[in-house]
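Please look over the structure below before reading on.

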Amino acid sequence: MRISPANPKFIYLFGTAGFSFYSENCGIDYKMILHHAELTDFKLNKKDLQLILAFAPYECATQVLSDCDENESELYLSTNQGKTWSQI
């Protein structure tokens, strides 16, 4: 569970199966948001409620580089409270 530092009425329950939940009213009601199942380690922005960062394992199998580090992560950004995500 994460409480938004931008607005403490917003509570997030981030899941690892491709969906999470958030509340706009201190946990009275929750709404579902969908995301890639690989996303983990969600980070809420301290000043902007709309911005959320998340990480996903780096896909070494798709890279031609021989020195691929399997511990690297890909970074994803949502600019609308987790409704949509873009790799950055």
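## A strand residue and its contacts

Leu44 is part of strand 5. This is a predicted model. Leu44 counts as buried because its relative accessibility is 18%, and the cut-off for buried is under 20%.

Which residues does Leu44 contact, leaving aside neighbours within four places in sequence? They are Arg2, Ile3, Ser4, Pro5, Tyr12, Phe14, Leu51 and Ile52. Ser4 lies 40 residues from Leu44 in sequence. In space, the C-alpha atoms of Leu44 and Ser4 are 6.3 Å apart.

## Overall fold

The protein chain has 8 strands and 0 helices. Its pattern along the sequence is β-β-β-β-β-β-β-β. The chain holds 88 residues, and 28% of them count as buried.

## Nonpolar core

The largest nonpolar core has 13 residues. Within this core, Tyr12, Leu39, Phe42, Ile52 and Trp85 touch the most other members. Strand 5 (40–44) and strand 6 (52–57) each contribute at least two residues to this core. Strand 6 gives the largest share, 3 residues.

Not counting residues up to four places away in sequence, Leu39 meets Gly15, Ala54, Phe55, Ala56, Tyr76 and Trp85.

## Aromatic pairs

How many aromatic pairs are there? The count comes to 5. One of them is Tyr12 with Phe14, a stacked pair. Their ring centres are 5.3 Å apart, with 5 degrees between the planes.

Tyr12 also pairs with Tyr22, and this pair is stacked too. Tyr12 sits in strand 2 (residues 11–13) and Tyr22 in strand 3, so the pair ties together parts that are 10 residues apart in sequence.

Is Tyr12 buried or exposed? Tyr12 is buried, because its relative accessible area is 1%. Tyr22 is buried as well. Ring pairs join Tyr12, Phe14, Tyr22, Phe42 and Trp85 into a cluster. Among these, Tyr12, Phe42 and Trp85 were also named above for touching the most other core members.

## Salt bridges

The whole structure contains 2 salt bridges. In one, the side chains of Glu24 and Lys31 meet at 3.7 Å, N to O. Glu24 is partly exposed because its relative accessibility is 37%. Lys31 is also partly exposed, with a relative accessible area of 45%.

Lys43 and Asp41 form a salt bridge through their side chains, at 3.1 Å, N to O. Lys43 has 39% relative accessibility, so it counts as partly exposed. Asp41 is partly exposed as well, at a relative accessible area of 37%.

## Surface

The protein chain exposes about 5,800 Å². Carbon and sulfur atoms supply 54% of that area.

Which residues make the nonpolar surface patch of about 410 Å²? The patch is made by Met1, Ile3, Leu13 and Tyr30. One of these, Ile3, is also among the contacts of Leu44. Tyr30 lies in the loop between strand 3 (19–23) and strand 4 (31–34). Tyr30 counts as partly exposed because its relative accessible area is 35%.

How values were computed: Residues are numbered from 1 along each chain as its sequence is written. This is a predicted model: local features need pLDDT of at least 70, side-chain atom pairs count only at pLDDT 80 or more; totals for chains, interfaces and linings use all residues. Side-chain values use heavy atoms; hydrogens and water are left out. Helices (H or I, at least four residues) and strands (E, at least two) are DSSP runs, numbered from the N terminus. Buried means under 20% relative accessible area, exposed over 50%, partly exposed in between (1.4 Å probe, protein chains only). Accessible areas come from the Shrake-Rupley method with a 1.4 Å probe; for residues, only the protein chains shown count as cover. Patches are made of residues with over 30% relative accessible area and no salt bridge: like charges are joined within 9 Å, nonpolar side chains (Val, Leu, Ile, Met, Phe, Trp, Tyr) within 5 Å. A salt bridge is a side-chain nitrogen of Lys or Arg within 4 Å of a carboxyl oxygen of Asp or Glu. A nonpolar core is a set of buried Ala, Val, Leu, Ile, Met, Phe, Trp, Tyr and Cys residues joined through side-chain atoms within 4.5 Å. Contact means heavy atoms within 4.5 Å. Rings of Phe, Tyr and Trp (its six-membered ring) pair if their centres lie within 6.5 Å; planes under 30 degrees apart count as stacked, over 60 as edge-to-face and the rest as tilted.
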